[in-house]
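Biologist: I am new to this structure. Could you walk me through how to read it?
Modeller: Gladly; here it is.

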Amino acid sequence: MTDDQTNQPNLLGEGQRQSPSVHYYRGTLTQGIATEEVGMKSVTAGKWFHGHLWSSLRMLLTVSALASAGCSSEDSPPGASSPTAHLRLNSDVVSVAMSATEADRFQTVIATTGDWYYAAGFVTISEDRHMALARLGSTGRLDTSFGHGGIATVNVAVDGKTAEFARGVVVQSGGKIVIAGPVEHNPTASGDAARDTDIAVVRFDATGQLDPTFGTNGIVRLDLSVGVVDGTAFRGDTSWGLTLLPGDDLLVVGGKLADGAGRTDIDYAVVKLTSNGTVDTTFGTDGLVTLDVGTGGDSPRTAIVQPDGKIVVSGHTDGTDDVVTTVLFRLLPDGQFDSSFGQNGVVNVALLASVAEAYDAALQGENLVIAGYGKNASTDTVDIISARFLPDGTWDKTYGDKGVAVIDVAGQDDRSRKLAILPDQRVLIVGQGKPTATTQDGALVLLTPNGHRLNGNGFTLIDFGGPTDALFGLALSPDKTKAVAVGWKGVDAAAAGPTNNDDARVVLFSLPPK
């Protein structure tokens, strides 16, 4: 396949204007369950994106759940007795409807020097998703000098629909910002060909404009394979993680159609780009490393760089026996598999009997901690999980309960999406939890360094006011005194409309003392 040369990227201009709504949230979070009062008022923005979309109200969070996970200097196993200690966190929930009439979400966030943050995701315009990048100040509010009123957007696949959005973001040493995610391969195609996807990597300068020195007019498109239909699904190129390498080079973590006749599953695919967006052909094989774990579907997620330059990629694989396993593989800086890690560079382990999906990994000293979700039986609901691996890839069964920390909010489906290791080695996780079968809130989980919770707590929920709320991205401030989490207030798809759609959310909170 070749890129459709007639579809040029569209950078949103000021001619498109809407009247967004600002939402105010206030309430108290206690014992992991949130209660909220919600008010709304409408304002009119002079630009389609405008800094005055944002509003926040100081929330005083009384979170005994987080306190009981982090107030002790000792790691106690689940069920240990401890007096309840209330921890009061000053926290802001900042909301923005990037589109007043269509869906928008933040999927990821990164901190940078000067206590600035970049959140990336998508905004929908006339049913076509555009990649979106926001620059936030230390209070979570938009920096209106960036892009258009604080937000920069790009439509890589013009006239596409829902495939395009940013999942990864990094900041290079010169202050330029790079985002990556999947996009439609050719929106003008018909039939199943219209469902094929590529990977887009886009660079903005520090003012929020596309950087013409990167790729072609600021954009690199990676077409790794020709997608195919698999039942009702379509398997094409995809991208999840974006990692900054030494020298401002870039590592794109994604997937491509597995090689071989008749294959309809995805393999891990890792691509290295130079700092200006050129494929680095000295890495792997012509710039690409692939991994096929059996014949099941592989699901790539993120990559981290160790101090020695080795690269650890995380994800999960759906095996032929219907067991979803956690996968880690480690590469040398040149893209060759590191034989000192796992089996020939690969760890593939069933942390739970049915499902154990790894969504993110982080270094805890020399060890690796993962977060995701899983279950022990096919009929169970999924719970937030975390596990730890030693430097050689060995599963550390001293972590959590026999090697796995499991957080079940209320007997319903719970999922984690991102984690960070705090300076004192505690594990902070964000995701989503369901207090009831029909409601879902953003979730925060705090574990001791050894993956334990006290009194069965260690989590709290944040209700943004929708039935399918979620947190998906997490970053620690440069001074490691607070955290910024991003996600969205979600609505049911069947109820979505011009006055009821997903809206991006930002949560800022002080890190709880140990």
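Biologist: Does Asp 360 count as buried or exposed?
Modeller: This is a predicted model, so every value is computed from it. Buried means under 20% relative accessible area. Asp 360 has 3% relative accessibility, so Asp 360 counts as buried.

Biologist: Which side chain meets Asp 360 in a salt bridge?
Modeller: Lys 418 does, at 3.6 Å from N to O. Lys 418 lies in strand 27 and Asp 360 in strand 23 (residues 355-364), so the pair ties together parts that are 58 residues apart in sequence. Lys 418 is partly exposed, at a relative accessible area of 22%.

Biologist: How many salt bridges are found in the whole structure?
Modeller: The search finds 20. One of them joins Asp 143 to Arg 135, with the closest N and O atoms 2.7 Å apart. Both Asp 143 and Arg 135 are buried. Lys 272 and Asp 280 form a salt bridge too, at 3.2 Å between the closest N and O atoms. Lys 272 and Asp 280 are both buried.

Biologist: Which residues are linked in a network of salt bridges?
Modeller: Arg 263, Asp 265, Asp 267 and Asp 292.

Biologist: Now strands. How do I read the two faces of one?
Modeller: In a regular strand, side chains alternate between the two faces of the sheet. Take strand 9, residues 168-171. Gly 168 and Val 170 are on one side, Val 169 and Val 171 on the other. All four are buried, and both faces are covered.

Biologist: How many bridges join strand 9 to strand 10?
Modeller: Four, and the two strands run antiparallel. Strand 10 spans residues 177-184. Its residue Ile 177 is the bridge partner of Val 171.

Biologist: In what order do the four strands of the open sheet lie?
Modeller: The order is 27-28-29-30, with antiparallel pairing. The edge strands are strand 27 (415-421) and strand 30 (459-462), and each pairs on one side only. Neighbouring strands of this sheet are turned by 30° against each other on average, direction ignored.

Biologist: Over how many bridges do strand 28 and strand 29 pair?
Modeller: Eight, in the antiparallel sense. Strand 28 covers residues 427-436, and strand 29 covers residues 439-447. Look for Thr 436: its bridge partner in strand 29 is Thr 439.

How values were computed. Residues numbered from 1 in each chain as written. Predicted model: local features only at pLDDT ≥ 70, side-chain atom pairs only at ≥ 80, totals over all residues. Heavy atoms only, no water. Buried < 20%, exposed > 50% of the residue type's maximum accessible area, 1.4 Å probe, protein only. Pairing = 2+ DSSP bridges. Axes fitted to C-alpha atoms, helices over the stretch in contact; angles between N-to-C directions. Salt bridge = Lys/Arg side-chain N within 4 Å of Asp/Glu carboxyl O.
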